[in-house]
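Dear colleague,

I am passing the structure on to you with this message, and my notes on it follow below. Please read them with the model open beside you.

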Amino acid sequence: MEEVVLEALRSRFSIFFFSFAASFVLLAVVLELLRCMPWWCSCSVCEAYVTKSWAARFDNLCDWYAHLLRESPTRTIHIHVLRSTVTANPDNVEHMLRARFDNYPKGKPFSAILGDLLGRGIFNVDGDPWRFQRKMASAEIGSTAVRFFACCIVTAEVRERLLPLFDAACAGYAVLDLQDVFRRFAFDNMCKISFGLDPGCLELSLPVSEFAAAFDKASMLSAWRATSTMPIVWRAKRLLNRGSERELRDAIRLVNLFAKELIRQRRKLGFSSNHDLLSRFMACVDDDKYLRDITISFLLAGRDTVASALTSFFLLLSRHPDVRSAMRDEIDRVVGRGASTASYDHLRDLHYVHAAIHESMRLYPPVQFDSKFCLDDDVLPDGTFVGKGTRVTYHAYAMGRMEELWGSDCHEFRPQRWLRNGTFAPESPYKYPVFQGGLRVCLGKEMALMEMKTVIVAVVRQFDIDIDERAGPSHQPLSREKDKWST
């Protein structure tokens, strides 16, 4: 009997030992295979990226990238775990955006990341679909009617909501989260311009609309996908409808319901006499899903970029009272002291204000970097080899901090660097790729600048904005401009 028990135990132990040994060998094989994969790399840069050890020296990821790019002789680096090449070399940027434009599309990996939110929108497609939307959007956004329509909307939003909000905050010695204010402001404007809809988000006493909240969450969760070193993880979560991917699906479902109802109502009421982008696109597009993708793309592009640029601008302005004084002098000279807002013609003559905006975006570009995917093996102008399927990123944030591009004072906020005899002098879009360049240059550039200048002129001439360091850099108290108002 004892022999039978011992034999059984011996047999089970053998099975256990064999299973353990087989599992150990299998694990070793899997780890070795993983080491051969493009996301596995033991170099110092990739190790710092994966472990986030860079955070011990740098406040944010962009500053770390800028440091690495400054240290590189070619101003180009490789992040192997992302299969990515990052550059701050203007020659490389021009190569990507102009000289070899067809070899550097957005690419299928990028389209997959944002596909659930943007669908077939202009910012998520290449080839013929991109050319069709680009041609259509260029004709509409560049038209006098749409520009006048947008200018009227922005001016009304400033007069009727933004300035009264600042008046109330000033009277009550309140502290405002300017980033939140400008996000609400830009969202209201873009909904009016894109859909002909007023969500009323700038009414701070009201909660953010359900659509705005869903749009925010969908944008954030879609962006998180791009930070993953192993895309298979978010793809698996998406397949299983778990975690962040489930939240993303729920948020996009709300966005889709809203857009579907809006398009249905617009078709029912008629659209031929309206100037919003949805109405104008409906005249030549009969596919409701396609219309949804187009308008959501423009809403995404126009909301976050303008809000980010305005927040950074007032952050810098609060630290440079000399720039604020020079802006007020120019505004009083060009616009006059009577009007609360500037006309479209006046905005074009504000060269110093224009320079200050560009200088702010040099230091804090709304889109810190942008990526394309290499279709075929290529060599960049600086001699860097780029393999097929590699993500190639130009880093606008880092480029604004390169001494060879902007001088030894590149870290300083100096609007004068953009002026020649008092007139604004633009730089090459490949040295300053804030609005991209080449065939993909931003169609909404002039509209965005108009919106920002309208806000800046109205606020700067009436209010002083200071940073409340206790609440964070975007929370800022307001007081009336001292030459005209009592504090």
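At a relative accessibility of 28%, D116 counts as partly exposed, because the partly exposed class lies between the buried limit of under 20% and the exposed limit of over 50%. Please bear in mind throughout that this is a predicted model.

The side chain of D116 meets that of R238 in a salt bridge, with 2.8 Å from N to O. D116 belongs to helix 5 (residues 108-118) and R238 to helix 10 (residues 231-240), so the pair ties together parts that are 122 residues apart in sequence. R238 is likewise partly exposed, its relative accessible area being 37%.

Across the whole structure, the search finds 37 salt bridges, and I describe two further pairs here. R292 and D293 meet through their side chains in a salt bridge of 2.9 Å, N to O; R292 counts as buried at 5% relative accessibility, and D293 is buried with a relative accessible area of 0%. These two residues also take part in a network of salt bridges that links R120, D287, K289, R292 and D293. In the other pair, D409 forms a salt bridge with R414, where the closest N and O atoms are 3.0 Å apart. Here D409 counts as buried at 18% relative accessibility, since buried means under 20%, whereas R414, at 29%, counts as partly exposed.

Turning to the strands, I would draw your attention to strand 7 (residues 391-395), in which five of the five residues are buried, so that this strand is largely enclosed by the rest of the structure. R391, T393 and H395 point one way from strand 7, while V392 and Y394 point the other way, and all of them are buried. Which strands does strand 7 pair with, and in what sense? With strand 2 (residues 84-87), the pairing is parallel and runs over four bridges, whereas with strand 4 (residues 369-373) the pairing is antiparallel and runs over five bridges.

The remaining notes concern helix packing. Two packed helices are described by the angle between their axes and the distance between the axes. The axes of helix 9 (residues 210-226) and helix 11 (residues 243-269) come within 8 Å and cross at roughly 140°; these helices are therefore oblique to each other, and their crossing is left-handed. On the helix 9 side, the residues in contact are E210, F211, A214, F215, K217, A218, L221, S222 and R225, and they meet S244, E245, E247, L248, A251, I252, L254, V255 and F258 of helix 11.

For the other pair, helix 13 (residues 288-318) and helix 19 (residues 445-460) pack at an angle of about 35°, with their axes 10 Å apart, and helix 13 passes helix 19 in a right-handed crossing. Helix 13 contributes V306, A309, L310, F313, F314 and L317 to this contact, and helix 19 contributes A448, E451, M452, V455, I456, V459 and V460.

With best regards

Conventions. Residues numbered from 1 in each chain as written. Predicted model: local features only at pLDDT ≥ 70, side-chain atom pairs only at ≥ 80, totals over all residues. Heavy atoms only, no water. Buried < 20%, exposed > 50% of the residue type's maximum accessible area, 1.4 Å probe, protein only. Helix = DSSP H or I, 4+ residues; strand = E, 2+ residues; numbered from the N terminus. Pairing = 2+ DSSP bridges. Salt bridge = Lys/Arg side-chain N within 4 Å of Asp/Glu carboxyl O. Axes fitted to C-alpha atoms, helices over the stretch in contact; angles between N-to-C directions. Parallel < 35°, antiparallel > 145°, perpendicular 65-115°, else oblique. Left-handed = near helix turned anticlockwise from the far one by under 90°. Contact = heavy atoms within 4.5 Å.
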